[in-house]
Amino acid sequence: MPATVSFKVPSAHGPRAVTVAYTRAGRGEPLLLLHGIGHHRQAWDPVVDILAAERDVIAVDLPGFGASPGLPEGLAYDLPTTTAVFDGFCAALELDRPHAAGNSLGGLIALELGRERLVRSVTALSPAGFWTEAERRYAFGVLLAMRHISRRLPQPLVEQLSRSAAGRTALTSTIYARPARRSPEAVVAETRALAGATGFTETLRAGAGVRFTDDLSALPVTVAWGTRDRLLLRRQGVRAKHVVPRARLVRLPGCGHCPMNDDPALVARVILDGSR
């Protein structure tokens, strides 16, 4: 079971109480792990044990996803609010400028935390925000379709499909290059997480106009992209390198949009190298 922490976040109508669910493991310098839209903190499970050998690993459920309740009225699901949430989260856990690693939406949030100098290094795996408008519309269309399917599929059918490699491929091949490696239990859990994500619609709507433009010149930044990413196409990694020219750009051979499952050892090594 995850732990939870509650804290106040400023808003135009006064401070609002926010609760975030998280798990924590390991020792060393703190490392914050941020998942993508529609996912949950368990997306990081394949790499947590490796990272925890050298880092104090804090994997969180974003507000409105996984076990974290949605944001209270008066708080928007946008980057400024999310940044304030994680500033408050780190203060509540007494984390002194942790390292941050994020995937997809989580990668964009990690970069934004870096822009605000709230973290000491950033590793972004297929981060959002480096798209063209056409690429954004394509990605959002795929995400909406995934959300629709997850909400329409009966739970017994999801469980049945997850028992075979072919079924897991049908359910998750959009985000994994090697979906058969995902356990049946994990596939069922993340399908339910996508269906039940209360923050999905507002988060997607807030992301429509987002494009990351800061070069983060004073911060160690690693941008890594799976060569088989079918959601945010790998040419966006080259674009990210132009926007953040001092970033280390790493290719993840054979990996999809969520590479933590496809090659845990490689992803863990990239994150550890980026946070040294």
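Student: Which helices each supply at least two residues of the lining of the largest cavity?

Tutor: Quick ground rules before the tour. This is a predicted model, where local features need pLDDT of at least 70, side-chain atom pairs count only at pLDDT 80 or more, and totals for chains, interfaces and linings use all residues. Residues are numbered from 1 along each chain as its sequence is written, and side-chain values use heavy atoms, with hydrogens and water left out.

Now, your helices: H2 (79-92), H3 (105-115), H4 (133-152) and H8 (200-206) each give the lining at least two residues. (Helices are DSSP runs of H or I with at least four residues, strands are E runs of at least two, and both are numbered from the N terminus.) A cavity here is a set of points on a 1 Å grid over the protein atoms alone where a 1.4 Å probe fits but cannot get out, and lining residues have an atom within 4 Å of a point. Grid points are joined across faces, edges and corners, and the volume is the space filled by probe spheres set on the points.

By that rule there is one cavity of 30 Å³ or more, and the largest cavity holds about 330 Å³. It has 26 lining residues, and Ile37, Leu105, Leu108, Thr203 and Gly207 are the closest to its centre. By class, the lining has 21 nonpolar residues, four polar and one charged (Ala, Val, Leu, Ile, Met, Phe, Trp, Tyr, Cys and Pro count as nonpolar, Asp, Glu, Lys and Arg as charged, and the others, Gly among them, as polar).

Contact means heavy atoms within 4.5 Å; axes are lines fitted to C-alpha atoms, for helices over the stretch in contact, with angles from 0 to 180 degrees between N-to-C directions. The sheet itself is open, with eight strands in mixed pairing and the order E1-E2-E4-E3-E5-E6-E7-E8. E1 (3-9) and E8 (248-252) are at the edges with a single partner strand each, so one side of each lacks a neighbour in the sheet. On average, neighbouring strands are turned by 25° against each other, direction ignored. Strands pair if DSSP finds at least two bridges between them; E7 (residues 221-226) and E8 run parallel and are joined by five. Within that pair, Val223 has Leu249 in E8 as its bridge partner.

Key: 1 Å grid on protein atoms, 1.4 Å probe; cavity = no way out; pocket = protein on both sides within 12 Å on 5 of 7 lines; lining within 4 Å.
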